[in-house]
Amino acid sequence: MLSALLVFGMVPGELWAEGVESIAPSSGEAVDASRMQGNARGEGGTGSRESANDVLGAAAPSSQDGLPSNEEQRGGQPSASADETGSSDFQGSSTAQAESGTASHDSEQLTTTDATPIASPDQIARDDEVVTATISIIGVDATGAEETWLTATAIEVPAGSTAADLSEKAFAYAGITADYDADSEYGWHLNTITSPNDPNHTLGYDAPTHAYWQLFYNGESASVGAGSIELAPGDTVVWYYSVWGDEVPSEDGDVAVDPDAERPDWESPWPGSSTTGGLSSSVTSPTPTEGAEASWTVDYHKYSSNAYPNASEPVIAGDYIYLAVDSTLVMLDKATGAEVKTTRMASGISYTCRPVYAHGLIVIPLGNGRVQAFSAKDLACVWVTEPVDDLTQSSCTVAVDGDYLVVGTVDVLTDYDTWTTTYEHGTVTRINIETGAIAWRHTNATEGYYWSGAAVTEDFVIVCTSAGTLEVLDKQSGDVCSTAEVGGIVNSECFASSDGSRVYVFTNDGVLHLFSLGQDGVLADAESIDVGLDGSVCSPTVDGETVYIGGTSNGVSALAIIDLVTHAARLVTAADGASLPAGGIKGAPLVSKQDDGTYVYFTVNYAETTDYVNYTAGGGVYRYKLGDTAATLIWAAKGYEGFCDSPVICDAEGNLYYINDSGHLFALRAGTGASGDPGQEGSGGADGELGIDGSTGSTGGKTVAPGSRPLGSGASAVAEHAAASAAVAEDAADGQVSARAGADARNAVTAASPMNLWAVGGIAAGVAGLVIVGLYMALGKARGEA
């Protein structure tokens, strides 16, 4: 039989290649394809999950002819190239060819987190009409080294769909070029897949090594083809470039835990959280006040096989800076950027995460709801919690409260046909930092916690769901004491007054909401303050009686500075004589209090590009001095442009650190300015870009039911509040125009906005698929769509 197949150019590898998915579902972004029509190739079938309606529905080929049937070895170089197979280039056609089944999509690779142990079917199945299964692709690079081409991705497909249907959707959504024949005489047949990391590297059956795309179904080499496998909830599909007899690699594996690993007592100028519930506070480090220049940069792509790796916010402990990249934790010398040590985590992170340093440990929230703690000294794993769900994302700020931490999660399902996302099955978990033991876990079945965070008081944990339900939980038991609706979507942390009597949270429309909190944990006296923003998905920075938060206003990015006593607010929407770019400030502002004034550092989630591949501006760092009329760009990230929603952090010496979407971690020191010129103090800007007097009821700063008592108390709180309050009041006294100014401000924005969207629309059809990249990237960053 084998010799006959060889005569016709058929070999076991070519016959059996179909499907793609990892051993276990991803805890990252899930693709909801339940509304897709006409894709359930298995509809009307027998109901058998491994039906025999394909020629390939036979037993696995034997090796009695001296040729292993499905995988043999990966020792040699793959023989198939892009030219040999005829597969279109990664940047080529954006449509699938119906005759051959070639799926060539120019969209950004869908980067989800690493595979994790599969959840039970009742956790995954959301509807009788759809099935959620996960898929991954494991290939080899040009040197023969194994690399993941698609991390485990959970996808919803109509009930009755097959592994072939799942594979086609995965190729399309991830922008992976694959050549397959949907209607060959042997059923659905996968020929080749092109590496998402190298458009010139295409793999198919390799005659010298007999390597091919082997299909694994629920961890086992499939005994039938992908078109014959009808999917059930929780199924896993893996396309693994290998030889017959190989076992699919486990992405999780056993985690070695050493609870006795050393936990250094190092100082940290930026541990990533505070006892107030994960919020940033001011620093006194001598940060750059003029320009800035790079001390070093690290390209963190090298720690991942993904073209677009997920990366955490950085955290500092001792002389080191830590960054989680997909499933790798990296420890760097913060003075030089030199790699000190790396370790593989129990699973990958979500789109990003917010690590903390506490009790000598680096604590990482992982993509499947796990939390893992490592020794800050040698990265030995000290403890790791169990997964929550395969669809779980952990993007919330971790609140550190003494010997405990509090972290929130959400299950995310995205429908890529309608570009809508649902957030549900949220959890809030209190964990003992020393042991990793879970004290309690609160679950909200219908809502979740996405890009938010808890405030922790003496008796309560206060957290808001993305849907806008403010919850007060008993700190010792996790029981719900009270709830309140804030009236909007929330992707920002709650914070509380020092005495725990008042709770604050921003909704995505930029409105600040206030509640009183009784000793019994009951919320009351709801108030709202319009601070002039029309959008905010930013983490607030609280300094005494002043809160700093980013967002947008009238189509441009804006920094809001709010007096929590008077409710006066001002906006900074200009830099260097022009409006700030659109996109919004999404990372928590860094506030540095120095002898000559208070400085605020922030990034803007904006970049200039015509193809979502090459960028010419964006991704730099702005500095604003309290009392000035505008900010200034102190680091333009020349050569490293890209979108950026990262916060800026600093060490004790005043060096700044942050990441952007170019895939680099930057260390900045005082320098000559954004482009080699001396840095300029913000002193200009167009009319209509400047502050708000919230206490006078001026447009954009109207206070509704003003608060009756300050955030803090005592003489020290009053004195600390005075400087910031005076600056806000001075702006108001100068009669500065509201940031919600009309046509003049909008015209200024239009003139200053360098990106021509019409130019994008005029690009050749071959680049049309890149629009999908932009939409996906926007969706991944659109924290306001919860």
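Visitor: Let's start with a single residue. Is Glu 527 buried or exposed?

Guide: Glu 527 is buried, with a relative accessible area of 11%. Keep in mind as we go that this is a predicted model.

Visitor: Okay. Which residue does Glu 527 form a salt bridge with?

Guide: With Arg 502: their closest N and O atoms are 3.3 Å apart. Arg 502 counts as buried too, at 2% relative accessibility.

Visitor: How many salt bridges does a search of the whole structure find?

Guide: Ten. One of them joins Asp 651 and Lys 334, where the closest N and O atoms are 3.2 Å apart. Asp 651 sits in the loop between β44 (649-650) and β45 (656-660), and Lys 334 in the loop between β13 (328-333) and β14 (339-344), so this pair connects parts that are 317 residues apart in sequence.

Visitor: Are those two buried or exposed?

Guide: Asp 651 counts as buried, at 0% relative accessibility. Lys 334 counts as buried as well, at 10%.

Visitor: What about Lys 593, which side chain does it meet in a salt bridge?

Guide: That's Asp 543, at 3.4 Å from N to O. Lys 593 belongs to strand β38 (residues 590-594) and Asp 543 to strand β32 (residues 541-543), so to speak two distant parts of the chain, 50 residues apart. Here Asp 543 counts as buried at 10% relative accessibility, while Lys 593 counts as partly exposed at 26%.

Visitor: Which residues are linked in a network of salt bridges?

Guide: Glu 313, Arg 354 and Glu 493 are linked that way.

Visitor: Switching topic: sheets. What is the strand order in the open sheet of four strands?

Guide: The order is β24-β25-β26-β27, and the pairing is antiparallel. At the edges are β24 and β27 (480-485), each of which pairs on one side only.

Visitor: Let me zoom in on β25. How many of its residues are buried?

Guide: Five of its five residues, which are 460-464, so to say the strand is mostly covered. Phe 460, Ile 462 and Cys 464 point one way, and Val 461 and Val 463 point the other way.

Visitor: Why do they point in opposite ways?

Guide: In a regular strand the side chains alternate between the two faces of the sheet.

Visitor: How does β24 join β25?

Guide: Two bridges join them, and the strands run antiparallel. Ala 455 stands opposite Ile 462 there.

Visitor: What does β26 do with β27?

Guide: They pair in the antiparallel sense over five bridges, with Val 472 opposite Ser 482 in β27.

Visitor: New topic again. How many residues are in the largest nonpolar core?

Guide: It has 36 residues. Those with the most contacts inside it are Ile 137, Phe 171, Trp 188, Leu 190, Ile 193, Trp 213 and Trp 239. The largest share, six residues, comes from α5.

Visitor: Take Ile 193. What does it touch?

Guide: Leaving out residues up to four places away in sequence, its contacts include Ile 137, Trp 149, Phe 171 and Trp 213. Apart from this core lies another, of 33 residues, among them Ala 292, Val 330, Ala 637 and Ile 659.

Visitor: Last one: where does Leu 626 lie?

Guide: In the loop between β42 (621-625) and β43 (632-635). Leu 626 is buried, with a relative accessible area of 17%. Its C-alpha atom is separated by 9.8 Å from that of Val 591, 35 residues apart along the chain.

How values were computed
Residues numbered from 1 in each chain as written. Predicted model: local features only at pLDDT ≥ 70, side-chain atom pairs only at ≥ 80, totals over all residues. Heavy atoms only, no water. Buried < 20%, exposed > 50% of the residue type's maximum accessible area, 1.4 Å probe, protein only. Pairing = 2+ DSSP bridges. Core = buried A, V, L, I, M, F, W, Y, C linked by side-chain atoms within 4.5 Å. Contact = heavy atoms within 4.5 Å. Salt bridge = Lys/Arg side-chain N within 4 Å of Asp/Glu carboxyl O.
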